[in-house]
Amino acid sequence: LEALPNSTGFTSLSLYTKAFDLFRVMGVSSKELVHSNILAAFMNEDEAHGLGASFRDAFVASLAQLPCNGQPIPMHVLTGTKGAKAKVARELAHIDVLLDFPSLRLVIAIENKIWAADQHNQIARYQKALCDLYPHYESRVLVYLTPTGRESPTQDLASGVPVYFQSYSEIAALLHSYQSNATPSAAFFIGQFITHVEKTMSGNTELNDLCWKVFQENEEAYTHLVNHYEYCKSRKMTELFRLLGKRLASDILFTEFASDIETRLSIKTDKQQYDLDVRLRGWPEGVWVK
């Protein structure tokens with residue numbers, strides 16, 4: 001374990017994971033609203049990214065390769081979007097991104113789930129909403145976009161609206177294929193977005209190779225780290241909350257209250273729940289600030 005940080009593989013992996021990440025710096029790594037705005041912009045051929053409709057059309061055509069619950073849309077419908085005008089909407093009927101092809105009577109909804117769980121009957125409601133909003137359309141589709149391409153637990157399997165399951169790694173691969181067509185500034189941003197997706201959500205060949213190198217050089221240490229990962233996460237949080245409790249008693253901000261402060265630390269590691277409750281002795285019994 002002591003030798004691990006000095007290995008070439010670990011050094012390379014550390015440099016990769018600590019590299020500048022625009023999305024992490026802005027604090028939006030897992031913000032679905034931000035990611036949906038980005039996807040909608042790249043889907044819109046009128047935006048100044050230089051991609052035109054190429055990424056949008058490739059995205060639609062890629063649905064034919066995805067797992068699907070329900071009757072899949074015929075391939076000729078998916079490839080027929082080339083040259084067709086599309087309206088791109090955000091948050092119509094609470095759906096994250098909507099691609100509407102009026103001339104084709106085709107609508108594609110994208111529900112973007114990064115880490116959040118589905119609301120009650122959420123996807124089933126969106127399937128119904130597509131039918132209500134576009135009653136005369138021949139083709140209505142819902143794409144459930146997640147980091148891993150998992151299925152939705154709230155879809156209506158009896159609905160006539162098929163649900164496709166797509167991963168962020170597939171989105172990143174599509175963007176990479178068309179990155180060279182973008183304007184210089186858009187191409188730079190696309191590169192940042194792809195790197196962010198690969199580092200935080202989907203993994204990529206470079207990251208896999210770096211981990212493989214570390215594993216080859218330090219297999220036993222690697223195994224110990226994997227086996228003790230949950231312990232280390234729990235210990236990190238426990239020590240952080242204990243430090244917060246000590247700071248309340250010693251920080252200059254609370255000097256006048258130091259002798260009256262009471263703290264209560266509650267830890268439930270099985271639920272990853274950490275609570276620090278604080279009160280002054282003169283407060284009514286049972287009153288705490290969490």
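**Notes on the predicted model**

1. T81 sits in the loop that runs between α5 (75-79) and β2 (87-92). The model is a predicted one, and its residue numbers start from 1 along the chain. T81 has a relative accessibility of 0%, so it counts as buried. Leaving out residues up to four places away in sequence, T81 touches R56, D57, V60, F101, L104 and L106.

2. One of those partners, D57, belongs to helix α4 (residues 54-62). Is D57 buried or exposed? D57 has a relative accessible area of 9% and is therefore buried, the cut-off being under 20%. Neighbours within four places in sequence aside, D57 is in contact with T81, K82 and G83.

3. R105 is placed in the loop between β3 (95-101) and β4 (106-112), while N121 is in the loop between β4 and α6 (122-133). R105 has a relative accessible area of 37%, so it is partly exposed. N121, at 38% relative accessibility, counts as partly exposed.

4. Helix α3 covers residues 32-43, 12 residues in total. From its first C-alpha to its last, α3 reaches 16 Å, close to the 16 Å expected at 1.5 Å a residue. Which residues of α3 are buried? They are E32, H35, S36, I38, L39, A40, F42 and M43. As background for reading that list, an α-helix has 3.6 residues a turn, so residues three or four places apart point the same way.

5. The largest pocket has a volume of about 630 Å³. Its lining is made up of 16 residues, and those closest to the pocket centre are F10, L13, Y222, L225 and Y229. Helices α1 (8-17), α9 (205-217), α10 (219-227) and α11 (229-250) each supply at least two residues of this lining. By class, the lining of the largest pocket holds 11 nonpolar, three polar and two charged residues.

6. The second largest pocket has a volume of about 160 Å³. Its lining consists of E230, K233, S234, K236, M237, T269, Q272 and Y274. Which helix gives the most to this lining? α11 does, with five residues. By class, the lining of the second largest pocket has two nonpolar, three polar and three charged residues.

7. Some values for the whole chain follow. The chain contains 11 helices and eight strands. Its radius of gyration is 25 Å, whereas a compact globule of 290 residues would have one near 19 Å. Taken along the principal axes, the C-alpha atoms fill a box of roughly 75 × 55 × 35 Å. Of the 290 residues, 41% count as buried. Among contacts in the chain with a separation of 6 or more, 58% are between residues 24 or more positions apart.

Notes: Predicted model: local features only at pLDDT ≥ 70, side-chain atom pairs only at ≥ 80, totals over all residues. Heavy atoms only, no water. Helix = DSSP H or I, 4+ residues; strand = E, 2+ residues; numbered from the N terminus. Buried < 20%, exposed > 50% of the residue type's maximum accessible area, 1.4 Å probe, protein only. Contact = heavy atoms within 4.5 Å. 1 Å grid on protein atoms, 1.4 Å probe; cavity = no way out; pocket = protein on both sides within 12 Å on 5 of 7 lines; lining within 4 Å. Points joined across faces, edges and corners; volume = space filled by probe spheres on them. Nonpolar A, V, L, I, M, F, W, Y, C, P; charged D, E, K, R; others polar. Expected span 1.5 Å × (residues − 1). Rg over C-alpha atoms; globule rule 2.2 N^0.38 Å.
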